[in-house]
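Have a look at the picture first, then go through the points in order.

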Amino acid sequence: MNGMRILSPTAILGYGFPRDSFDRGMAAGPDAIAVDAGSTDPGPAYLGSGTCFVARAAVRRDLEILISSSLEAGIPLLIGTAGGSGAKPHVDWCVSLIDEVLKANGRRARVARIYSDVPKETVRRALRDDRIRPLPFGPPLTDESLGRTSSIVAQIGVDPILQALEEPVDIVVAGRAYDPTIFAALPIRSGFGPGLATHMGKVLECAAIAATPGSGRDCVIGTIGREGFVLDTLSPLRNFTEESVAAHTLYEKAHPFRLPGPGGCLDVSGCRFRQVSDTAVEVTGSRFETSAPYTLKLEGAALVGHRTIAVAGVRDRIMIESLDEVFDGVRHSVQDSFGSQGYQLNFRTYGKDGVMGPLEPEGTICGHEVGIIFDVVAPTQDEADTICGLARSTALHYGYSGRIATAGNLAFPFSPSDISAGPVYEFSVYHLMEVDKPESMFPVERLTMGEDGT
Amino acid sequence: MKTIRIADLARIIRSKNAGPYELTLDVFFKDEETYRKVRERRLIDRALIRRLYRVDDDQISEIVYYDPARAVKVTLARPVPSGSVNDTDVYGAQQHMPLVDAEVPWEKI
């Protein structure tokens, strides 16, 4: 198929990729390399704390290969949701790694940097003007939750990326971006349909996760034309199939054929998926409907406390049958010492309902052992450590009814048994905001980086 | 009445977050004939999901059949938002087994 080719090396920057697959991808002559560097899947902690869920050395390894290959081929490298969550500290972290890689290799590059942070005052004004809407099952935004939010980002649409591509650029680094955006931008700029480009981006952003067998660390390539796009794998180990591509179209979306994003909605109700070779699938019929007013999805996280956990196993059947009694007794002991307010004490029981919680339909424990996590969240780390320690020691020696093993109730796999898990965050902002001028909210900054750069 | 496990009708059954407030369940049926039969009889419906996941009807967002993928998608509210203090499955990726094991009416063809 003639058209524009976008190479997607890996599902998340830093997850890695086989060098062979990547070399085959580069040999196919891509027009750009695009890579998603983040996700909200790992939860609110990373946005809240300004840290990345992928290790620095792992991101650097991927960047070494991607930067040198894209510069040598003279094609742009586009990075979306830099640093994992795409707020300013995450973008700066990613940009500093890019600079480090360029300098280490004696190269320089033209970099376009796009922050996607939204000032709290902008959101507060929108809230007053009734331009903030909750998502299904999400709470309405309040001044209180906005007040304790540490940073807010918007999932940016294609416009800032298009602006970045208006001048010659080697590397585009975007903050929080709607996942398909960085894959769709160059095709849209070249006049390919936004529906096809966005749908292709929706699949490419997860790289080989959408192939079969799936993998989060392998490369794939998409080729877009006027009537459709073709997805192909780059490893002999895996293929795209009609089913795998169709399945991925539905992945992690609330509705199977209406996929809302910034400024509009991808409609895949009229799509056809057609196997065109053993490894490749063609998709046609994807449409993009713009919506008015333009809406952006905001994400923000707030600190809720500090966590300490202790992990223990129980093999004693009588103890397993008495767990509710033990946990009630432990809770009362903790309340005797520290009251019942200002902290949360959770007994997570694996083997019972540790995975599904209130959705678990199995009423009884049928295994021969269970795993317990004593989980405490309190305002300070010291308070969480103290309460977790008390709950753990009380449970260890708790004299429940019918007990025959009087030397100890818990098997600890570790010493020390208790782990200070650090700050805990929650999504305090996850709402839609109506905006009038999305194209001017996220300016593009141009930098020359690396050797002899500034 | 004869019944069959949904696992015996499908090739893929999975769960995942759709944002921090929703959980989405996908079932991809093994062939066109099976899909059409399930869709025509609405064998996966709100009543089934209420029973399997012990949730009220207002916690179920939508159940939508999607012909191009021979699939049905069920979206419901998460018990608590992803990553909040009491969450048990931050990615929502291990909530599918009640659907896998569910029995639905199915007479011999």
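1. Start at Phe137(A), which sits in the loop between β5 (132-134) and α6 (143-147) of chain A. Helices here are DSSP runs of H or I with at least four residues, strands are runs of E with at least two, and both are numbered from the N terminus. Phe137(A) has a phi near 70°, a positive value in a residue other than glycine. As background, most residues other than glycine have a negative phi, and most peptide bonds are trans.

2. On the topic of peptide bonds, have a look at two prolines. The bond from Thr212(A) to Pro213(A) is cis, with omega near -5°, and Pro213(A) belongs to the loop between α9 (194-204) and β8 (220-224) of chain A. The bond from Ala292(A) to Pro293(A) is cis too, with omega near -5°; Pro293(A) is in the loop between β14 (287-290) and β15 (294-314) of chain A.

3. A word on what you're looking at. This is a predicted model, so local features need pLDDT of at least 70 and side-chain atom pairs count only at pLDDT 80 or more, while totals for chains, interfaces and linings use all residues. Residues are numbered from 1 along each chain as its sequence is written, chains are lettered from A and ligands numbered from 1 in the order in which they are written, and side-chain values use heavy atoms, leaving out hydrogens and water.

4. How confident is the predictor? For the complex, the predictor gives an ipTM of 0.94 and a pTM of 0.94. Chain B averages a pLDDT (the predictor's confidence in each residue, from 0 to 100) of 95, and 98% of the residues score at least 70.

5. Chain A is split into domain 1 (4-116 + 155-293 + 436-450) and domain 2 (303-428), with bounds that come from an automatic or database domain assignment. The C-alpha centres of these two domains of chain A are 42 Å apart.

6. Gln381(A) is in helix α13 (residues 381-396) of chain A. Its side chain makes a polar contact with the side chain of Thr308(A), at 3.0 Å. A polar contact is a pair of N or O atoms within 3.5 Å; within protein, one must be able to donate a hydrogen and the other to accept it, and residues adjacent in sequence count only if both atoms are side-chain atoms. Leaving aside neighbours within four places in sequence, Gln381(A) is in contact (heavy atoms within 4.5 Å) with residues including His306(A), Arg307(A) and Ser420(A).

7. Over all chains, the structure holds 41 salt bridges, each a side-chain nitrogen of Lys or Arg within 4 Å of a carboxyl oxygen of Asp or Glu. One of them joins Arg131(A) to Asp436(A), with the closest N and O atoms 3.0 Å apart. Arg131(A) is in the loop between α5 (120-128) and β5 of chain A, and Asp436(A) in the loop between β18 (418-435) and β19 (444-450) of chain A, so this pair ties together parts 305 residues apart in sequence.

8. Lastly, the interface: 47 residues of chain B are in contact with 43 residues of chain A. The two chains bury about 3700 Å² between them, 61% of it on carbon and sulfur atoms; buried area is the accessible area (1.4 Å probe) that two parts lose on being put together, summed over both. In chain B, Tyr21(B), Tyr66(B) and Val85(B) lose the most area to chain A, together 21% of what that side buries.
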